[in-house]
Each structure stands twice: as C-alpha cells, then as structure tokens.
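Colleague: I have not looked at this one before. Can you walk me through it?

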Amino acid sequence: MNKKIISIAIDGPAGAGKSTIAKSISSKLGILYLDTGAMYRAVALKANRENIDTKNKDELSKLVKSIDIKVIYSHGEQKVYLDGEDVTAHIRTPEVSLGASNVATVPDVRIKMVELQREIASDNSVVMDGRDIGTYVLPKADVKIFLTADVKERAKRRYSEQVLKGVTNITLEAVLEDIEYRDKNDSSREFAPLSKASDAIEIDTTNMKIEEVVNTILEYVNNYV
Ligand code: CDP
C-alpha cells in the first residue's frame, strides 16, 4: 500500500532559519527537502552571465522560456543544474542573492519555477522552503510554518554563515542592507509575494535554538500524521 504523501511548507524572510530547519526536518522524517530559492538563484545566475539586467522584466520573460533548470538529489543533498551544468556552488554570492530577488518579481519566471516545484511535490513527501509555498505553490500543504526573526538577528546569522564559509569581503552592514532590500522587494511584489498564509503557524526564531524550532515543528507534524 502507498504511504500518504505529506508536504510541509516553510516560508519566511532571509536569515529566519528556513533552510537549516527544513534540512533537519527532512533528514529526521526521511523526506525530500526542496530549497526553492536555489531555483530563482539559478535564473539570476544565468541573467548575470548573459549580461541581462535582473530588473528587465521583458528580457527575463524571454530568458526563462529557454532555460533548463533541474533539481537533482545526490547523497541526500540538493544539486541545482542550469542548462546541464551543476551550479550549486555558484549561486550563493551577494550578486546572485540580489538578482534572485529581482527575477522573482517576474510572473513568467515564477510560473515556470512553480511548475517544477509542484511536480516534485506531486509524487514525493517534501519539506519545501521559500516565500510563497504556503500561499501559492502548495496551498493545501499539510503543515504550514512561517518563520520570522528580528532583522538584525537575521543579518548577524547570514554574516556569520558567510564568514564560516571563508568569505572575507563582506560587512555586517552590507548583509543587513541586502536583507532589508530583499525583504521589501519580496513582500511588495504583486505576484505571489512573501506573506504568511492565513493557516500557517508563525514561529519567531529570534531567541530560539535550531533544535527548539525543529522540535516545535515536528510536534505539529506528529499531530497532523
Ligand atoms: O536563503 P535566502 O533566504 O537568503 O534566500 P533564498 O531562499 O535562496 O531566496 C533567494 C530569493 O529568491 C529571495 O530573496 C526571493 O526573492 C526569491 N524566492 C522567491 O521569490 N520565492 C521562493 N519560493 C523562494 C525564493
């Protein structure tokens, strides 16, 4: 007999802890983790490589028609392929972050990415993180979480993450600026903006440890299944 497919949607702004928490939940439950932001990042990378302004909506609508983005799982890790090339290691730069937020305002871009996201969720149990998962991509998700945290705390987390990775040419102020820009851009766009679904559970992670957040979410999941 087939086991029921479950879907968990985790939305929220940059640095709220979505990816760390979603990864932990996916490994504890043995289900897929889909980082949807990586897909918008791959579109931005392609635009940057082709010298297309990420604010040029017409050019981006054209670009996305011929783009080939694939999400592949290797040893439990998500890899993103852009036109056949593994770009997983190239999509975390500040330029790509900013570009991703810009390309994500273009409806044609979103429609194409969402199609792929829904396809993955249609035959796999999944924990998906992003900005519009509970409101638009998977409106019938079994559990919906909206993660938030104070913007200064989010900037500190993102900055430390980058420093740990060995990135040296950044400042806390620049990271804060990037996050504030994206928060505004993501929340104010017309098509599928960042917002809390009316049936989502909001968790403010400012003063919470990762383990606490994971356990809180797992309790909701256990109550559901
Ligand atoms: O990891 P971080 O929160 O910094 O960003 P991300 O999740 O990789 O997303 C990068 C950008 O893609 C965001 O700033 C959003 O503009 C966009 N995005 C989106 O619009 N919808 C999603 N479902 C996921 C990301």
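Colleague: Fine. What kind of model is it?

Modeller: This is a predicted model.

Colleague: Start with the ligand. How many residues surround it, and which are the closest?

Modeller: The ligand is surrounded by 19 residues, and R41, R110, R158, R182 and D186 are the closest.

Colleague: What is the make-up of that shell by class?

Modeller: The shell has 10 charged residues, five nonpolar ones and four polar ones.

Colleague: Which helices supply at least two residues of the shell?

Modeller: Those are α2 (37-49), α4 (94-103) and α8 (172-188). The largest share comes from α2, which gives three residues.

Colleague: How far is the side chain of D186 from the ligand?

Modeller: An N or O atom in the D186 side chain is 2.5 Å from a ligand oxygen. For R182, a polar side-chain atom is 2.8 Å from an oxygen atom of the ligand. R131 has a side-chain N or O atom 3.1 Å from a ligand oxygen.

Colleague: And how much of the ligand does the protein bury?

Modeller: The protein buries 97% of the 530 Å² that the ligand exposes when taken alone.

Colleague: Okay, change of topic. Which residues touch the most other members in the largest nonpolar core?

Modeller: That core has 38 residues, and the ones touching the most other members are L60, I69, V109, M113 and M128. Two or more residues each come from α2, α3 (57-65), β3 (69-74), β4 (77-82), α4, α5 (107-122), β6 (126-130) and α6 (133-137). With eight residues, α2 gives the most to this core.

Colleague: What is phi at D83?

Modeller: D83 is not a glycine, yet its phi is positive, about 45°. The residue sits in the loop between β4 and β5 (85-86).

Colleague: And A192, what is phi there?

Modeller: Phi of A192 is positive too, near 50°, and this residue is other than glycine. A192 is in the loop between α8 and β8 (201-204).

Colleague: Why do you call A192 buried, and where does that leave D83?

Modeller: A192 has a relative accessible area of 13%, and buried means under 20%. D83 is at 37%, so D83 counts as partly exposed.

Colleague: Let's look at D35. Where does D35 lie?

Modeller: D35 lies in strand β2, residues 32-35. D35 is buried, with a relative accessible area of 12%.

Colleague: Which side chain does D35 make a polar contact with?

Modeller: The side chains of D35 and R92 are joined by a polar contact of 2.9 Å. Leaving aside neighbours within four places in sequence, D35 is in contact with Q78, R92 and D129.

Colleague: What about I31, buried or exposed?

Modeller: I31 counts as buried because its relative accessibility is 15%. I31 is in the loop between α1 (18-29) and β2. I31 touches I6, I8, S26, S125, V126 and V127, not counting residues up to four places away in sequence.

Colleague: How far apart are I31 and N124?

Modeller: I31 and N124 are 93 residues apart in sequence and 7.6 Å apart in space, C-alpha to C-alpha.

Colleague: And N48 with D142?

Modeller: N48 and D142 are 94 residues apart in sequence, and their C-alpha atoms are 37 Å apart in space. N48 is in helix α2 and counts as partly exposed at 31% relative accessibility. Not counting residues up to four places away in sequence, N48 touches T54, E95 and V96.

Terms used
Residues are numbered from 1 along each chain as its sequence is written. This is a predicted model: local features need pLDDT of at least 70, side-chain atom pairs count only at pLDDT 80 or more; totals for chains, interfaces and linings use all residues. Side-chain values use heavy atoms; hydrogens and water are left out. A residue is near a molecule or strand if one of its heavy atoms lies within 4 Å of it. A polar contact is a pair of N or O atoms within 3.5 Å; within protein, one must be able to donate a hydrogen and the other to accept it, and residues adjacent in sequence count only if both atoms are side-chain atoms. Accessible areas come from the Shrake-Rupley method with a 1.4 Å probe; for residues, only the protein chains shown count as cover. Helices (H or I, at least four residues) and strands (E, at least two) are DSSP runs, numbered from the N terminus. Ala, Val, Leu, Ile, Met, Phe, Trp, Tyr, Cys and Pro count as nonpolar, Asp, Glu, Lys and Arg as charged, and the others, Gly among them, as polar. A nonpolar core is a set of buried Ala, Val, Leu, Ile, Met, Phe, Trp, Tyr and Cys residues joined through side-chain atoms within 4.5 Å. Buried means under 20% relative accessible area, exposed over 50%, partly exposed in between (1.4 Å probe, protein chains only). Contact means heavy atoms within 4.5 Å.
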